[in-house]
Structure formats: structure tokens, C-alpha cells
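Look at the sequence and the structure before reading on.

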Amino acid sequence: MFFNLSHTDGLVAFAIGSFREIGVDVERRDRQTGIEELSETVLASSEKTQLAGLAGAAYREAFLKYWMLKESYLKARGVGLSLPMSSVRFDLAGSPPAALFDPEIGDCADHWSFRLLTLTGEHIAAVAASAPGGSLTVRPIETSLVQA
């Protein structure tokens with residue numbers, strides 16, 4: 001078994017699976033920090049176009065979905081932020097989200113499966129796994145928040 005973890009204010013998320021390359025990222029829906037600045041370097045032009053008509057909370061949540069999908073992929077590959085995030089593109093219109101990688105990534109999107117999840121009313125997450133052909137099944141387990 002392999003695992004990956006992520007945390008944000010109020011929640012820790014684990015992804016556990018039989019895939020060697022698995023990654024998870026979780027964010028609070030109300031995250032404000034750095035979204036405008038990150039948009040310029042993180043998003044591909046097609047993603048910026050998809051966000052062009054959105055504002056406020058709708059823009060923030062859509063941006064966070066792109067961010068988490070990209071972050072979960074980079075974590076699964078174990079490369080941190082060494083690859084340009086704008087070279088990994090997603091289309092959020094379908095479920096699951098569709099991915100497309102630029103050649104400089106050195107990987108094929110067909111070898112990956114991605115999922116977006118609502119974990120709580122305040123938290124959303126993305127999972128990436130080297131599970132070709134959409135064979136990734138996500139089963140959230142009960143969550144409990146522990147406050148220290």
C-alpha cells in the first residue's frame with residue numbers, strides 16, 4: 001500500500017491505495033491567500049479562459065480545483081514544484097476532470113486518473129493516481145475534526 005497526505009486549516013486528508021504514484025491535496029473553500037498572484041503562474045491559458053467569466057467565491061473555488069489537481073499530481077510524481085504547473089492543464093467541465101500534459105512534463109495524461117471531492121462544507125480535495133483508464137475509485141471514509 002502507498003499513501004500521501006495533505007493538510008489545511010481544520011482538516012488532514014490521506015490518500016491510500018495500491019498505486020505507487022498517488023497524491024492528495026486539500027484546501028479550505030474560503031482560502032484567500034495568493035490566488036490572484038498564483039493564477040498568473042499556475043494556470044495555463046485555456047484554464048484562464050475558463051475562469052474569465054467568474055468572480056468572487058466561484059472564481060476562488062474553480063481556481064482551487066485547478067491548484068489542487070495540479071498539486072496532487074506533482075505530489076504523486078514526487079517532484080514537488082520542479083515542474084511548471086501551467087504545463088499540466090485540466091478541463092473541469094467533465095467528471096472526472098480531463099487532463100492534458102505539455103511535452104515538457106515527460107508524462108502521458110492517459111496514465112493518470114483524477115478526482116475532485118467535497119470533504120466537508122468547508123473543505124475540498126483532489127486525488128491523483130497513476131491509474132490508467134479511469135480505474136481510480138475513491139471512497140471517502142468518515143472524517144472527524146480534532147481540535148487541540
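Which residue is the bridge partner of Asp 91 in β5? The partner is Ala 98. The model that shows this pairing is a predicted one.

**The hairpin and its cis bond**

Strands β4 and β5 run antiparallel and are joined by 4 bridges. The peptide bond between Ser 95 and Pro 96 is cis, with omega at about 5 degrees. Most peptide bonds are trans.

**The chain as a whole**

The chain contains 3 helices and 7 strands. Starting at the N terminus, their order is β-β-β-α-α-α-β-β-β-β. Of the 148 residues in the chain, 43% are buried. Among contacts with a separation of 6 or more, 48% are between residues 24 or more positions apart.

**Helix α3**

Helix α3 covers residues 56-77, which makes 22 residues. From first C-alpha to last, α3 reaches 32 Å, close to the 32 Å expected at 1.5 Å a residue. After α3 comes Gly 78, with a positive phi near 75 degrees. Most residues other than glycine have a negative phi.

**The nonpolar cores**

The largest nonpolar core has 26 residues, and those touching the most other members are Phe 63, Tyr 73, Phe 101, Trp 112 and Phe 114. At least two residues of this core come from each of α1 (35-42), α3, β4 and β7 (123-129). Helix α3 gives the largest share, 10 residues. Apart from this core lies another, of 13 residues, including Ala 13, Val 26, Ala 129 and Ala 131.

What is Phe 114 in contact with, leaving aside its neighbours within four places in sequence? The contacts are Leu 69, Tyr 73, Phe 90, Pro 96, Pro 97, Ala 99, Phe 101, Val 127 and Ala 128. One of these is Pro 96, the residue joined to Ser 95 by the cis bond.

**Ring pairs**

The structure has 6 aromatic pairs. Two of them are set out below.

| Pair | Distance between ring centres | Angle between planes | Class |
|---|---|---|---|
| Phe 63 and Trp 67 | 6.5 Å | 25 degrees | stacked |
| Trp 112 and Phe 114 | 6.4 Å | 25 degrees | stacked |

Why does the pair of Phe 63 and Trp 67 count as stacked? Their planes are at 25 degrees, and planes under 30 degrees apart count as stacked. The planes of Trp 112 and Phe 114 are also at 25 degrees, so that pair is stacked as well.

Phe 63 and Trp 67 lie 4 residues apart in helix α3, so about one helical turn separates them. An α-helix has 3.6 residues a turn, so residues three or four places apart point the same way. Both Phe 63 and Trp 67 are buried.

Are Trp 112 and Phe 114 buried or exposed? The cut-off for buried is under 20% relative accessible area. Trp 112 has a relative accessible area of 6%, so Trp 112 is buried. Phe 114 is at 2% relative accessibility and therefore also counts as buried. Ring pairs link Trp 112 and Phe 114 with Tyr 73, Phe 90 and Phe 101 into a cluster.

Methods: Residues numbered from 1 in each chain as written. Predicted model: local features only at pLDDT ≥ 70, side-chain atom pairs only at ≥ 80, totals over all residues. Heavy atoms only, no water. Buried < 20%, exposed > 50% of the residue type's maximum accessible area, 1.4 Å probe, protein only. Contact = heavy atoms within 4.5 Å. Pairing = 2+ DSSP bridges. Expected span 1.5 Å × (residues − 1). Core = buried A, V, L, I, M, F, W, Y, C linked by side-chain atoms within 4.5 Å. Phe/Tyr/Trp six-rings, centres within 6.5 Å; stacked < 30°, edge-to-face > 60°.
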